[in-house]
Amino acid sequence: MKIDRIETFLVAPRWLFCRVETDEGLIGWGEPVVEGRAEVVRSAVEVLAEYLIGEDPLRIEQHWQVLTKGGFYRGGPVLSSAVAGLDQALWDIAGQAYGAPVHALLGGPVRDRVRIYSWIAGDEPGEVAEAAAAQVAAGLTGVKMNASGRLSAIPTPAEVDAVVSRVAAAREVLGDSRDLALDFHGRASAAAARRILPEIAALRPLFVEEPVLAEQAHHLHDIVTCSPVPVATGERLYGRHEFLGPLQAGVAVVQPDLSHAGGISEVRRIAALAETYGAVLAPHCPLGPIALAASLQVALATPNFLIQEQSIGIHYHAGSELLDYVIDPEPFRFVDGHIKRLEAPGLGITVDEAAVRAAARTGHAWRNPVWRHDDGSFAEW
């Protein structure tokens, strides 16, 4: 069997899909994307495809090694995301070739269902309680929200109180039997994180995500030491080597993205590395159906898995829902805050190719917002 053709599709709201076809008719799908830079990743996929055309798709590890190390300059979000999508597609083909779901090829399932959570915004305090209540009504047992909007480098007492108030509003709706995770989105400085995290500890968040930017990971040890709340990071880290420092600093939760951090192959290794430090895996995934399916396959086969992010029904996907791109939404159905084990061969879903091709005729040019402080200076989004 040989790889015969590789195509990419820009589809709304902000995604890039890739389709890998073999000369025997097997087709694998992947989701190689950097949100806001999808066109750049598309070009990287096209360059990497030059190597893959004509190759045996089942030599996944060999291809991963060449795609990540075959160039003198390596790593970074664009290349790692291009590799990630292609890696997902190759695992999809392998599962179909062997007649088994990917988690079976990874050693078999260690759980029967995957716990999930949904994002409920949180940039504005007034929306928190209502959004949390909607997720409770949908049967979810965990949600995540932004801990703050714009933050000063050293937050004022009023800013700290605002963070506490919005977390308290969500906790009141969720009660003590459901989990609440907080995402700082890298908006806090190290000083801000050290000031805020002890203040929210009494509200018992599941974890706090990206309390500082990835490039300020040297502060993580001090933040972990001062924080009674478990610290999570990883959506902007792209390989196991980048996770070593945060793990040594004591982070409790690693959050690689299956569409950014080298795909299924590398995230499995990141999870194993985390396990040696007693940390758990909670993959980042505010993306489309292929990335979610890949994440679920890893979750099913990973002992130190905690919880899975997903974006079904999320408000900024209005008009272009994740489920629009699959033939059958049943594999993604929520049952008691979980998604049941996927059993179909490959990634476990059937991509609606006609819908993908139709959406790609329009494409997209999504860019993330650019925020500014009141004085006009740049603010982290």
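Let's start with an open sheet of three strands in the order 1-2-3, with antiparallel pairing. Two strands pair if DSSP finds at least two bridges between them, and strands (E, at least two residues) and helices (H or I, at least four) are DSSP runs numbered from the N terminus. The edge strands are strand 1 (3-11) and strand 3 (27-30), each pairing on one side only. On average, neighbouring strands of this sheet are turned by 20° against each other, direction ignored. Strand 2 (residues 15-22) meets strand 3 over four bridges, and E21 has I27 as its bridge partner in strand 3.

Helix 1 (residues 38-52) packs on the sheet, touching strand 1 and strand 2, and its direction makes about 180° with that of strand 1. Contact here means heavy atoms within 4.5 Å; axes are lines fitted to C-alpha atoms, for helices over the stretch in contact, with angles from 0 to 180 degrees between N-to-C directions. Helix 3 (residues 77-98) lies across strand 1, strand 2 and strand 3, at about 145° to strand 3.

## About the model

This is a predicted model, in which local features need pLDDT of at least 70 and side-chain atom pairs count only at pLDDT 80 or more, while totals for chains, interfaces and linings use all residues. Residues are numbered from 1 along each chain as its sequence is written, and side-chain values use heavy atoms, leaving out hydrogens and water.

## A covered strand

Now find strand 5 (residues 142-146), where five of five residues are buried. Buried means under 20% relative accessible area, exposed over 50%, and partly exposed in between (1.4 Å probe, protein chains only). In a regular strand the side chains alternate between the two faces of the sheet. Here G142, K144 and N146 are buried on one side, and V143 and M145 on the other.

Strand 5 pairs in the parallel sense with strand 4 (residues 113-119) over two bridges and with strand 6 (residues 179-183) over five bridges.

## Aromatic rings

Rings of Phe, Tyr and Trp (its six-membered ring) pair if their centres lie within 6.5 Å; planes under 30 degrees apart count as stacked, over 60 as edge-to-face and the rest as tilted. By this rule there are six aromatic pairs. The rings of F17 and Y325 have centres 5.5 Å apart and planes at 85°, so this pair is edge-to-face. F17 and Y325 are 308 residues apart in the chain, and together with W15 they form one aromatic cluster.
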